[in-house]
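Dear colleague,

Please find below the structure that I am handing over to you. My findings follow it, and I would be grateful if you read them with the structure open.

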Amino acid sequence: QVQLVESGGGLVQAGGSLRLSCAASGRTFSSYGMGWFRQIPGKERDFVAAINRSGGSTYYADSVKGRFTISRDNTKNTVYLQMNSLKPEDTAAYYCAAGITSTRSSDYSYWGQGTQVTVSS
């Protein structure tokens with residue numbers, strides 16, 4: 001079993017940057033693909049980015065491509081989401097997840113509690 005804890009969210013002005021971190025417990029972190037999703041109240045959880053077990057392959061939603069970068073450090077059991085050129089429409093709760101590398105939330109078995117990102121205009 002994997003426990004995930006996100007951090008790094010906050011309030012930032014449009015055009016600014018934030019880096020989210022997701023720390024995983026357990027010794028099997030490198031066995032999981034990792035993903036970031038985001039959710040606005042009343043809406044479905046949307047895919048943001050994913051990275052495979054080794055970190056050699058990454059995937060992005062079109063809305064964040066070129067602005068966000070997902071990475072992982074398997075020695076630190078941590079996955080990151082670097083978010084640049086933030087826009088007000090990026091405002092959401094951001095969740096990290098562990099499972100099969102995928103764009104679908106149903107392919108992830110473990111989820112963090114979420115961290116809020118708010119981008120002001």
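Of the 121 residues in the protein chain, 45% are buried. Please bear in mind that the model is predicted. The protein chain exposes about 6200 Å², and 44% of that area is supplied by carbon and sulfur atoms.

The overall architecture comes next. The protein chain has 11 strands and 0 helices, so its radius of gyration of 13 Å can be set against the 14 Å of the globule rule for 121 residues: the two are close, and the chain is as compact as a globular protein of that length. Along the principal axes, the C-alpha atoms of the protein chain fill a box of roughly 40 × 30 × 25 Å. Among the contacts in the protein chain with a separation of 6 or more, 55% are made by residues 24 or more positions apart.

I then looked at strand 1, which covers residues 4–7. Its covered face holds Leu4 and Glu6, while Val5 and Ser7 are on the uncovered one. Strand 1 pairs with strand 3 (residues 18–24) in the antiparallel sense, over 4 bridges. Within this pairing, glutamate 6 has cysteine 22 of strand 3 as its bridge partner.

Valine 5 also belongs to strand 1. Is this residue buried, exposed or partly exposed? Valine 5 counts as partly exposed, because its relative accessibility is 48%, and the limits for that class are 20% and 50%. Although valine 5 and alanine 23 are 18 residues apart along the chain, their C-alpha atoms are separated by 5.3 Å. Apart from neighbours within four places in sequence, valine 5 is in contact with Ser21, Cys22, Ala23 and Gln113.

Aspartate 90 deserves a paragraph of its own. This residue is found in the loop between strand 8 (78–83) and strand 9 (92–99). Aspartate 90 has a relative accessible area of 1%, so it is buried. Which residues does aspartate 90 contact, leaving aside its neighbours within four places in sequence? They are Arg38, Arg67, Phe68, Ser85, Val117 and Val119. The C-alpha atom of isoleucine 70, a residue 20 positions away along the chain, is separated from that of aspartate 90 by 15 Å.

Finally, two residues call for a remark on their backbone angles. Most residues other than glycine have a negative phi. Asparagine 77, however, has a positive phi near 55° and is not a glycine. Asparagine 77 lies in the loop between strand 7 (68–73) and strand 8, and its relative accessibility of 17% means that it counts as buried. Serine 85 is likewise not a glycine, and its phi is positive at about 50°. The place of serine 85 is the loop between strand 8 and strand 9, and with a relative accessible area of 41% this residue is partly exposed. Serine 85 is also one of the contacts of aspartate 90 named above.

With kind regards

Note on methods. Residues numbered from 1 in each chain as written. Predicted model: local features only at pLDDT ≥ 70, side-chain atom pairs only at ≥ 80, totals over all residues. Heavy atoms only, no water. Rg over C-alpha atoms; globule rule 2.2 N^0.38 Å. Buried < 20%, exposed > 50% of the residue type's maximum accessible area, 1.4 Å probe, protein only. Contact = heavy atoms within 4.5 Å. Areas by Shrake-Rupley, 256 points an atom, 1.4 Å probe, with all protein chains shown as cover. Pairing = 2+ DSSP bridges.
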